[in-house]
Amino acid sequence: MNRRTAAVLILAMWVGALGWLTERHYLARAGARGEPRWPVPPGSAFHIVRLGERQIGLASQTVDTVAEGLRVVQLMTLDLPTEASDQRRRTSVRLEALYSRGLQLREWRSLELTERGRSSSHGMVYGDSLLVLVTTPEGVPPETLQVRLRRPVILPGSIPLVAASRGLPRPGSRLNLEVFDPLDRELRVERLVVATESLFTVPDSAQWNPTLRRWVVAHADTIRAWRLDADEHGLPVSRWVDGSGMIVLTRYPLGAQLQRSAFELVNTN
């Protein structure tokens with residue numbers, strides 16, 4: 001075997017491996033049973049919650065493919081202001097949802113921890129017409145809520161995933177999504193407008209700086225994202241979403257922001 005033949009074989013193997021990776025993580029080709037493709041690839045993202053220049057919390061989202069469908073886990077912890085300046089009011093929420101391959105909500109579980117105690121809930125969607133929510137506050141008998149649905153429903157945190165699964169339409173396009181908020185117990189229609197697209201540079205990894213005694217950016221990545229504009233409770237919210245459905249930046253009313261960053265920068269600094 002001469003060098004030219006070896007080079008051609010190595011190049012062919014590299015192209016084949018690259019194609020397999022692309023198919024595995026982004027296309028998820030249908031199997032032998034004719035199963036549909038995954039709407040979005042698995043992955044995770046970590047976010048800093050800021051109010052002005054101050055970090056007031058952290059958040060993360062993980063998307064996994066499982067036998068039953070698509071599992072989406074969201075975590076958020078916030079330090080909220082109190083009347084006493086030397087005290088903090090911490091709120092933590094964990095929300096785990098299971099979706100079908102078509103991104104239709106099947107069930108979810110939530111856990112909320114506040115200074116008032118612990119509250120959990122479990123919700124199920126029966127067919128496409130009935131949603132049942134069971135809430136269990138600490139020290140209080142469970143409460144059951146039934147909601148009639150007009151169409152398939154999603155949770156608020158999965159709005160970017162649905163938008164990405166549709167190919168993130170060009171600026172000017174509109175999306176209307178049926179959303180159920182398990183914390184507010186509210187069923188609403190989210191009307192989204194794809195406003196524009198842009199490039200963002202976000203921290204991808206971090207390293208420890210012994211001089212500063214803190215984590216600093218080791219590598220940054222350039223990501224293309226689309227801005228989805230909507231109104232929530234009458235106030236404007238803008239979400240910048242990448243092609244996999246992960247949040248890059250969210251701007252809330254009154255100055256709060258959700259910014260993607262590296263794990264160490266989010267959780268330790």
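Reader: Which residues lie nearest the centre of the largest pocket?

Author: Met76, Asp181, Leu183, Glu232 and Tyr252, out of 35 lining residues. The model is predicted, so local features need pLDDT of at least 70 and side-chain atom pairs pLDDT 80 or more, while totals for chains, interfaces and linings use all residues. Numbering runs from 1 along each chain as its sequence is written, and side-chain values use heavy atoms, without hydrogens and water.

Reader: What makes a set of points a pocket, and what makes a residue part of the lining?

Author: The search uses a 1 Å grid over the protein atoms alone and a 1.4 Å probe. A pocket is an open set with protein on both sides within 12 Å along at least five of seven lines; in a cavity the probe fits but cannot get out. A lining residue has an atom within 4 Å of a point.

Reader: How much space lies in the largest pocket, and how do you know?

Author: About 1200 Å³. Volume here is the space filled by probe spheres set on the grid points, which are joined across faces, edges and corners.

Reader: What is the make-up of the lining of the largest pocket by class?

Author: It has 21 nonpolar, eight polar and six charged residues. Nonpolar covers Ala, Val, Leu, Ile, Met, Phe, Trp, Tyr, Cys and Pro; charged covers Asp, Glu, Lys and Arg; the others, Gly among them, are polar.

Reader: What is the volume of the second largest pocket?

Author: About 400 Å³. It has 20 lining residues, with Gly43, Ser44, Asp242, Ser244 and Arg260 closest to its centre. Two or more residues each come from α1 (3-27), β1, β10 (186-209), β11 (214-232) and β14. The largest share is that of β1, with four. By class, 11 are nonpolar, five polar and four charged.

Reader: Why is the pair of Trp108 and Phe180 called what it is?

Author: Start with the rule. Rings of Phe, Tyr and Trp (its six-membered ring) pair if their centres lie within 6.5 Å; planes under 30 degrees apart are stacked, over 60 edge-to-face, the rest tilted. That rule gives four aromatic pairs. Trp108 and Phe180 have centres 5.8 Å apart and planes at 50°, so the pair is tilted. Trp108 is in strand β5 (residues 105-114) and Phe180 in strand β9 (residues 174-181), so parts 72 residues apart in sequence are tied together.

Reader: How do you know whether Trp108 is buried or exposed?

Author: Buried means under 20% relative accessible area, exposed over 50%, and partly exposed in between, with a 1.4 Å probe and protein chains only. Trp108 has 1%, so the residue is buried.

Reader: What kind of pair do the rings of Phe200 and Trp240 make, and why?

Author: Their planes stand at 65° and their centres 4.9 Å apart, so the pair is edge-to-face. Phe200 belongs to β10 and Trp240 to β12, so this pair links parts 40 residues apart in sequence. Both residues are buried.

Reader: What sits over the ring of Trp38?

Author: The charged end of Arg101, 3.7 Å from the ring centre. The test wants NZ of Lys or CZ of Arg within 6 Å of the centre and within 35 degrees of the ring normal.

Reader: Why is Val189 given its accessibility class?

Author: Its relative accessibility is 24%, so it counts as partly exposed. Val189 is in strand β10. Beyond four places in sequence, Val189 touches Arg150, Asn176, Leu177 and Glu178, contact being heavy atoms within 4.5 Å.

Reader: What makes Ser261 buried or exposed?

Author: A relative accessible area of 9%, so Ser261 is buried. This residue of strand β14 contacts Phe46, Ile48, Pro203 and Val266, leaving aside neighbours within four places in sequence.
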